[in-house]
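I opened this notebook to record what I looked up, entry by entry. The entries follow the order in which I went through the model.

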Amino acid sequence: MGILASDRLLEVDSENVSYYVLLSTIYANTEKWEGGIKVRLLVRDRGLRKTPGWSSVVVGSKVEVVYTGNQTHPKYIEIYKELKVLSAKMKSIGYVPDYSFVYQDVEEDEKEQILNSHSERLSIAFGIISTLSGSPVRIFKNLRVCGDCHNATKYISIISEREIIVRD
Ligand code: ZN
């Protein structure tokens with residue numbers, strides 16, 4: 001898909017965030033990173049503040065999109081199980097959740113769940129359970145990766161013995 005066709009896609013319904021998600025996925029699939037940057041700038045310039053957080057992860061020849069807090073994902077039970085196992089291991093080697101990245105006024109255990117439901121974390125877990133052991137996990141995040149996920153990624157990389165590449 002060329003830039004021109006993509007621009008038309010956005011003109012159809014420029015307020016609909018899902019088109020931007022679709023476009024970003026297409027660009028990521030075809031490794032057109034500049035196109036992805038352009039789409040994200042459009043989202044920002046058009047003030048689409050309700051952009052849901054989402055990440056994509058490369059699984060085989062496909063790019064899969066995972067939304068923050070997504071519980072309708074076909075593999076969500078496996079994803080959350082994997083995150084639970086990872087969280088326990090992360091804590092055993094020194095990871096401490098940083099709740100300053102949680103803006104909701106809730107109890108601590110809920111804050112931990114919120115961090116665990118960030119799209120990049122779901123994508124990493126999904127990537128780990130869906131790709132061959134030892135292969136790198138490639139993530140693309142539409143918004144800036146929060147500091148806690150950045151930190152958690154380092155721990156998950158050590159535990160899973162995977163190279164985890166996150167672009168935002
Ligand atoms: Zn996060």
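This is a predicted model: local features need pLDDT of at least 70, side-chain atom pairs count only at pLDDT 80 or more; totals for chains, interfaces and linings use all residues.

**Entry 1: helix α4, length.** I checked whether the helix has the span its residue count calls for. Helix α4 covers residues 76-92, which is 17 residues, and at 1.5 Å a residue it should span 24 Å.

**Entry 2: helix α4, faces.** Which residues of α4 are buried? I found I79, E82, L83, L86, S87 and M90. Seen down the axis of α4, these buried residues fall within an arc of 145 degrees, so they line one face of the helix. On the face turned away from that buried side I noted the exposed residues I77, K81, K84 and S92. I then asked what covers the buried residues of α4. The cover includes α5 (108-116), α6 (119-130) and α7 (147-160).

**Entry 3: helix α5.** I repeated the exercise on α5, where the buried residues are K111, L115 and N116. Down the axis of α5 they fall within an arc of 140 degrees, so they too line one face of their helix. The buried residues of α5 pack against α4, α6 and α7.

**Entry 4: the zinc ion.** Which atoms coordinate the zinc ion? I listed ND1 of H118, SG of C146 and SG of C149, at 2.0 to 2.3 Å. In sequence the donor residues are spaced H-x27-C-x2-C. H118 sits in the loop between α5 and α6 and C149 in helix α7, 31 residues apart, and this pair links distant parts of the chain. I checked burial next: H118 and C149 are both buried.

**Entry 5: C146.** C146 lies in the loop between β3 (137-141) and α7. Is C146 buried or exposed? Its relative accessible area is 13%, so it counts as buried, the cut-off being under 20%. Leaving out residues up to four places away in sequence, C146 touches F101, L115, H118 and E120. I also looked up V102, which is 44 residues from C146 in sequence and 9.4 Å from it in space, C-alpha to C-alpha.

**Entry 6: aromatic pairs.** How many aromatic pairs does the structure hold? I counted three, and I recorded two of them in detail. The rings of Y76 and Y80 have centres 5.6 Å apart and planes at 80 degrees, so this pair is edge-to-face. Y76 and Y80 are four residues apart in helix α4, which means they are separated by about one helical turn. Y76 counts as partly exposed because its relative accessibility is 28%; Y80, at 22%, also counts as partly exposed.

Y95 and Y155 form an edge-to-face pair as well, at 5.7 Å centre to centre and 65 degrees between the planes. Y95 lies in the loop between α4 and α5 and Y155 in helix α7, so the pair ties together parts that are 60 residues apart in sequence. Both Y95 and Y155 are buried.

**Entry 7: E161.** I then looked at another positive phi, this time in a residue other than glycine: E161, near 55 degrees. Most residues other than glycine have a negative phi. Where is E161 found? I placed it in the loop between α7 and β4 (164-167). E161 has a relative accessibility of 68%, so it counts as exposed.

**Entry 8: the whole chain.** I left the totals for last. The protein chain has seven helices and four strands, and from the N terminus on they run α-α-α-β-β-α-α-α-β-α-β. Of its 168 residues, 42% are buried. The accessible surface comes to about 9800 Å², with 53% of it belonging to carbon and sulfur atoms. Among contacts with a separation of 6 or more, residues 24 or more positions apart account for 67%.

Note on methods: Residues are numbered from 1 along each chain as its sequence is written. Side-chain values use heavy atoms; hydrogens and water are left out. Helices (H or I, at least four residues) and strands (E, at least two) are DSSP runs, numbered from the N terminus. Buried means under 20% relative accessible area, exposed over 50%, partly exposed in between (1.4 Å probe, protein chains only). Contact means heavy atoms within 4.5 Å. Accessible areas come from the Shrake-Rupley method with a 1.4 Å probe; for residues, only the protein chains shown count as cover. The expected span of a helix is 1.5 Å times one less than its number of residues. The arc is that of the directions from the helix axis to the C-beta atoms. Donors are N, O and S atoms within 2.8 Å of the metal (3.2 Å for Na, K and Ca); water is not among the atoms, so sites may look incomplete. Rings of Phe, Tyr and Trp (its six-membered ring) pair if their centres lie within 6.5 Å; planes under 30 degrees apart count as stacked, over 60 as edge-to-face and the rest as tilted.
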